[in-house]
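Here is a short briefing on one structure. The points are grouped by topic and can be checked against the sequence and the 3D view.

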Amino acid sequence: MAPFAEPAAARVALLGTGTVGSAVLERLASWRGSPFAEKISLVHVANTRQSASDRSGLAPAEALHRLTLAPQRSSLEAVEAALAGEGARIVIDATASESVAERHAHWLARGIHVATACKIGQGTSLSRWRAIRAAGAAGDVGYGDSATVGAGLPLLRSLRELQTGGDRIHAIAGVLSGSLAWLFNHYNGMRPFSALVRQARDAGYTEPDPRDDLSGEDVRRKLLILARTAGVELEADEVEVTSLVPPELAILSRDSLDAALPALDMPLRERYAEAYKRGEKLRFIARLQDGRARVGLESLPHDHPLAGGAGTDNRVAIWSDRYRTQPLVIQGPGAGAEVTAAGLLDDVLRLSTR
Ligand SMILES: NC(=O)C1=CN([C@@H]2O[C@H](COP(=O)(O)OP(=O)(O)OC[C@H]3O[C@@H](n4cnc5c(N)ncnc54)[C@H](OP(=O)(O)O)[C@@H]3O)[C@@H](O)[C@H]2O)C=CC1
Ligand SMILES: N[C@@H](CC=O)C(=O)O
């Protein structure tokens, strides 16, 4: 390379073209002609069914169309070959896939950066979290996880910066689910809760299976990521989780779920009525303190600091050495395609110049 030549654009593979993946493509397309676009070359796009690769770059606005025409079946084996070439290599994980998460450490070990919205990599078993951390450190590659908690809100970044500045994290508490925040901000006992769940799903706030939100599993993963980032290396089963999903709903296949959602209605109407009588609000809260972690629905006084916010707002309080009495509070939209895609692409831009 000539001494002052521009570095090659980072080569990017996007896995997942659903709610978040499509928004990533839209944001990339909106960068056309801007300096951001020059930093990134999209060379591979895949969902579960198909994949399309082009070494000279796929136009983001046409990527979904290229995918429908692609003769190539989707295979995770193809990702490395598709990324081969000069410049930084980055996988964007916009799936909710166990098999994609299982490969994060592998890609890092091969010198490929990973930017992920999926929490299964860092938010499930401790051994997988450690494998990802170790592979990233050994390969001097980056793992972009901003979108995994708070859909890109500066939560993980703040925890890391506080610790880099010498603080110990004492406790974390707050609303970590955008869909549950939206549900409890809108539920007033009049419309059935199940109807609101359908609306949150259709707006793209829930996980592909909304039971992952309602059961507290998604919040468990986020709390595990926050706790581990704060130096509290918990195993998944060390988080006490109280689910909102009745057993008869939990056992159903995804295909039969929609019709059975009204099973949520009566128990939540009762919880709401009790809270209302006391002048309180229902909020789905995650708490970490003294190495103990728990997640579940709480009834909070209406003026409680964690009861505020609107829409899909996450609201998270962090206590540390410098924020000993009054916590640092971070609030903002915690779900939705656009903010999540923006968080992912912030990470991609950072990784592209590492
Ligand atoms: N929605 C939100 O507000 C937020 C979501 N996230 C996370 O983003 C991720 C994606 O969520 P969302 O877009 O809503 O989910 P969707 O179900 O809309 O999209 C998932 C996509 O992943 C694809 N996919 C699944 N497995 C594979 C695989 N092995 N290889 C390639 N593609 C695969 C699916 O393919 P196919 O189309 O063929 O089914 C689909 O295109 C989740 O992990 C979620 O937790 C994080 C923050 C906020
Ligand atoms: N389903 C999640 C989406 C973001 O992680 C949520 O509701 O917070």
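The shell around ligand 1 is made up of 14 nonpolar, 15 polar and 3 charged residues. The model is predicted. Its chain contains 16 helices and 12 strands.

**Surroundings of ligand 1**

- Ligand 1 is surrounded by 32 residues, and the closest of them are G16, G18, N47, T48 and C118.
- Two helices, α1 (19–30) and α5 (98–101), each contribute at least two residues to the shell around ligand 1.
- Helix α1 gives the largest share of the shell around ligand 1, with 3 residues.

**Helix α1 against helix α16**

- Helix α16 spans residues 337–352, and the axes of α1 and α16 come within 8 Å of each other.
- These two axes cross at roughly 65°, which means that α1 is roughly perpendicular to α16.
- The crossing of α1 with α16 is right-handed.
- On the α1 side, the contact is formed by T19, V20, A23, V24 and R27.
- On the α16 side, the contact is formed by A337, E338, T340, A341, A342, L344 and L345.
- By class, the contact of α1 with α16 has 8 nonpolar, 2 polar and 2 charged residues.

- The residues around ligand 2 include A151, S177, G178, S179, Y205, T206 and E207.
- D213, D218, G334 and A335 are also among the residues around ligand 2.
- The shell around ligand 2 has 3 nonpolar, 5 polar and 3 charged residues.

**Helix α9 against helix α10**

- Helix α9 covers residues 178–186 and helix α10 covers residues 193–202.
- The two helices pack at an angle of about 135°, with their axes 10 Å apart.
- Because of this angle, α9 is oblique to α10.
- The crossing of α9 and α10 is right-handed.
- S179, W182, L183 and H186 in α9 meet L196, V197 and A200 in α10.
- The contact of α9 with α10 consists of 5 nonpolar and 2 polar residues, with no charged ones.
- S179 belongs to this helix contact and is also one of the residues around ligand 2.

**Overall dimensions**

- Along the principal axes, the C-alpha atoms of the chain fill a box of roughly 70 × 50 × 35 Å.

Note on methods. Residues numbered from 1 in each chain as written. Chains lettered and ligands numbered in written order. Predicted model: local features only at pLDDT ≥ 70, side-chain atom pairs only at ≥ 80, totals over all residues. Near = placed C-beta within 6 Å. Nonpolar A, V, L, I, M, F, W, Y, C, P; charged D, E, K, R; others polar. Axes fitted to C-alpha atoms, helices over the stretch in contact; angles between N-to-C directions. Helix = DSSP H or I, 4+ residues; strand = E, 2+ residues; numbered from the N terminus. Parallel < 35°, antiparallel > 145°, perpendicular 65-115°, else oblique. Left-handed = near helix turned anticlockwise from the far one by under 90°. Contact = placed C-beta atoms within 7 Å.
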